[in-house]
Every structure is written in C-alpha cells, then in structure tokens.
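Hi everyone, thanks for coming. Let me put the structure up, and then I'll walk you through a few spots in it.

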Amino acid sequence: MQHANALNRLNRLPISRFHKFTLFAVSFAYFFEFADINSFATTAPKLIKLWGVTVDQVAYVTSLSFVGMFFGSVIASTIADRWGRKNALVLTTVWFGVFSFAAVFSWDIVSLGVFRVLTSAGLSAMTVVAVIYVNELYPAANRGKYQAYAIVIGICGTPVTNLIASVVVPLGEWEWRLVYLWGALGVLLVLFTRRLRESPRWYESRGEHAKADAVLREIEAQVAGEKGPLPEPAPPIEEAPVAKAPLRLLLKKKYLLPTLLLTVLWVTQTIGFFGYSSWAPTLLAKEGFSVEKSVFYVALTTVGAPLGSYLAALVTDRFERKWCLVAFGAVIALCGLFYGLTFDPVLIVVFGFLVNMFERGYTALGYAYSPELFDTRGRSLGTGVSYGLGRLSNAAGPLIVAALYNGSGYRSVFFFIAGTWLAGAVVLAVFGPRTRQARLGRVAVERAGRGLTGVSGPG
C-alpha cells in the first residue's frame with residue numbers, strides 16, 4: 001500500500017458511535033485529570049492546621065508540581081510519537097492515578113510533595129496526549145467542538161471533587177486523604193482500551209500504511225453499518241514517512257513561531273488559572289474565612305466550569321478560534337480582578353463562577369487551537385513543548401503569589417493574575433494566526449472537491 005489517505009478518509013466520516021465512544025473515554029480521562037489537579041489546593045488549608053504547613057511550603061509544593069508538569073508534557077510527546085496516541089493516553093492516565101493513590105499514604109508535607117510532583121507529571125502528559133488524539137481522530141469540521149465537549153464532561157471533575165472535598169476535608173484528621181483516593185480512580189480507563197482505536201494518522205506518519213489502512217477499514221465498517229454508505233474521500237497527498245522529530249526541529253521558522261506563540265498562550269493560562277484555583281482556598285482561609293467556608297465557596301465557583309466548556313463548544317467551529325481566545329482572556333482578566341477586590345461571599349461566588357466558566361472555555365479553545373498550528377511531524381513535539389513550558393512557568397508563579405501576598409496583601413495577587421491574562425490576550429490578538437479558513441478549505445474539498453489533488457495546510 002502506497003498511502004492510507006488517513007486524513008481525508010477520517011474527514012469525510014459522519015459523527016457516529018465510534019466518535020461518541022472515543023469522546024466518552026477521553027472525557028473519562030479528563031474527568032479524573034481535572035478531579036486530581038486541584039486536590040492539593042483543596043486539602044492545603046487542612047494541612048496548615050494539622051501539620052503546621054506554611055504558605056511558603058504550599059507555594060513550594062505547588063511550584064514543584066509544575067516542574068513535574070513540564071517534564072510530563074515533554075516526555076508525553078516522545079511517548080505519543082514512539083508508542084502511539086492510544087497507548088500513551090492509557091499509560092499517562094494510569095501513571096497519575098497510581099501516584100494519586102500513593103498520596104493517600106503521605107506522612108508529611110515532603111512525602112506528599114513528592115507524590116504530587118509525580119502525579120502532576122502524569123496529569124500534564126495525559127492532557128497533551130488527549131489533545132493530539134482527538135485532533136487526529138475527528139473530522140476537521142467537528143474536531144474543535146468535540147475537543148470542547150470532552151472538556152465539558154471532563155471539567156465536571158473539578159466541581160465534583162471540590163464538593164466532595166468540602167464535605168470530607170473538615171470531618172477529621174484523616175478524611176482529607178479521601179480526596180486523593182478519589183483522584184486515583186482515573187486508572188479505570190484501562191476498562192475502555194479494547195474499544196479504543198490507535199490513530200491511523202500516527203501509523204501513516206511512520207510509513208506504516210498497511211496498519212493505518214487496517215484501522216481505517218475497521219472504523220469505516222463500523223460507521224457505514226450505522227450511517228450507510230460513505231462518500232469517496234479526496235485523493236491523498238504523497239508524503240514521505242515522518243521520522244522521529246528531534247527537539248531542534250522546533251528551531252525551524254515553520255515550527256518556532258507557533259511554538260513561541262503557544263508558549264505565551266500556555267504560560268499566561270497556567271499562571272492565570274492556577275493563580276486562582278490553587279490559591280483561592282488557602283488565601284480565603286488566611287483572610288479569616290473558615291476552612292469549611294473557603295473550600296465550599298471555591299467549590300461553588302467551579303460549577304461554572306462545565307458551562308464555559310459548553311460555551312466554547314458552541315463558538316469554536318463557528319468563529320475564528322484566535323478571536324474567541326482573545327475575548328475569553330479579556331473577560332477572565334476583568335472578572336478575576338473583581339473577584340480579588342471583594343470580600344462579600346456572594347460576589348466572591350459570582351465572580352469566581354465567571355472566572356471558572358470563561359477560563360474553562362479558554363482552555364477548551366486552546367486545546368483545539370494548539371495542534372492546528374503544526375503539521376503531523378511537529379504536532380506532538382510542538383504541542384508538548386509549548387504546553388510543558390507553560391506549566392514550567394508556574395514553578396515561579398506560586399512563589400510570586402506567596403511573595404505578593406506576604407509583601408503587599410491579598411488584592412495584589414489578583415492584580416498580578418488579571419494582568420497575566422490581559423497580556424496573553426494582547427499577544428494572541430497581535431501575533432496569533434487564523435486557522436478557520438484552512439479548516440473550511442478542508443471541508444470544502446471533502447464536500448465538493450473529490451477531484452482535487454489534496455488539502456493544503458497542516459491538517
């Protein structure tokens with residue numbers, strides 16, 4: 001076989017049970033990723049009382065967790081390229097579940113910190129792989145929407161976990177450990193692996209066209225059995241097999257510019273989002289709210305998160321993703337500033353709700369936008385490195401937040417975070433490339449251009 005034509009064969013498929021099951025499995029992984037990502041934030045106020053943990057120690061654990069996220073993101077791109085998207089998704093999910101379970105048995109802040117760093121590496125790695133997996137399996141006309149749908153379902157893990165934490169953390173001296181046990185349930189993704197399919201585009205990028213064709217035939221047979229005869233795909237573009245992408249590949253202009261842009265996107269998103277989510281319970285508790293109230297207020301604000309992802313699903317394929325990201329970032333900056341300027345419980349919940357809603361929408365848009373800026377060869381590496389650098393940047397974020405809080409007070413933290421979001425919006429507005437026209441061009445080829453020679457752009 002000379003060419004499996006994976007991109008065009010996948011692009012002309014109608015959404016079917018195959019796509020919906022894949023969405024369910026990815027959403028399950030996301031659910032426990034989001035469930036686990038704020039576990040330390042929700043238990044930190046309790047540990048301050050039980051173990052005498054200081055704000056600086058909370059900062060160090062949070063900071064080192066982002067170092068773990070950086071290494072997880074970069075290593076994930078290598079795993080996904082070498083062992084496949086499906087295998088990497090399962091491996092990274094099991095990894096973070098195992099170390100979240102280990103955190104249940106922590107005996108001091110050092111041991112908990114070590115387990116959190118290892119857990120965080122898996123969380124970030126899983127996210128990178130899931131973004132690539134969805135990008136490569138779904139039709140170009142729908143992939144943004146289904147990236148967002150996966151987040152809509154997955155992000156429910158955040159409010160569910162926060163509500164669980166608000167109930168169990170105040171109960172006694174050991175119940176906080178149940179939060180980490182809950183996060184460990186992500187390992188159950190292994191139950192879905194038999195029905196998941198490897199990315200044919202990954203096989204094709206390695207020159208393994210026969211394997212790609214075999215997977216595509218399975219998928220096509222399943223979809224045709226449900227939806228009826230399938231239209232013919234556009235003819236393939238002949239491409240040489242993609243060798244392992246070395247890190248120096250990103251120094252080429254074709255990959256360097258989108259990598260730098262996405263690094264800014266994920267740096268500002270990471271510092272901005274985790275500035276709120278990781279610190280809000282602790283800072284509210286330090287400002288006089290009880291542990292119970294601080295965790296409960298933050299739990300209420302995270303209820304807005306699934307709505308934000310759903311909002312992203314409504315706009316992501318209808319409008320230019322770049323401008324959606326700019327608009328969402330500006331709204332988050334404004335609402336976050338108001339969040340930090342009030343101590344009224346109702347306003348804290350209202351503005352926190354809006355921050356969570358638009359931030360999760362921003363993240364869903366970013367997950368769809370990021371891999372579109374690269375071709376198949378650079379997609380895994382470019383996405384992983386830029387996302388990883390974003391996470392690494394927040395190794396400094398918690399230390400900055402702690403210094404601002406100790407030096408200038410509660411409100412200075414939120415001025416800093418709002419400024420971070422605004423900076424990201426401005427950079428995207430000025431330098432962000434548009435991707436909608438390329439997506440529409442691919443759809444037009446599938447609908448009306450069966451005789452054309454192929455599709456331009458990264459795919």
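**A covered helix, then the rest**

Let's start with α2, which is mostly covered: 18 of its 21 residues are buried, where buried means under 20% relative accessible area, exposed over 50%, and partly exposed in between, with a 1.4 Å probe and protein chains only. Helix α2 runs over residues 17-37 and reaches 30 Å from first C-alpha to last, close to the 30 Å expected at 1.5 Å a residue; that expected span is 1.5 Å times one less than the number of residues.

Quick housekeeping: this is a predicted model, so local features need pLDDT of at least 70, side-chain atom pairs count only at pLDDT 80 or more, and totals for chains, interfaces and linings use all residues. Residues are numbered from 1 along each chain as its sequence is written, and side-chain values use heavy atoms, leaving out hydrogens and water.

Zooming out, the protein has 21 helices and zero strands; helices are DSSP runs of H or I, at least four residues, and strands are runs of E, at least two, numbered from the N terminus. Of its 459 residues, 62% count as buried.

Now, two residues. N356 sits in helix α17, residues 345-369, and counts as buried because its relative accessibility is 11%. Leaving aside neighbours within four places in sequence, N356 contacts F273, T301, T302, G304 and A305, contact being heavy atoms within 4.5 Å.

And V74? That one is in helix α4, residues 55-83, and at 24% relative accessibility V74 is partly exposed. Not counting residues up to four places away, V74 touches G384 and V385.
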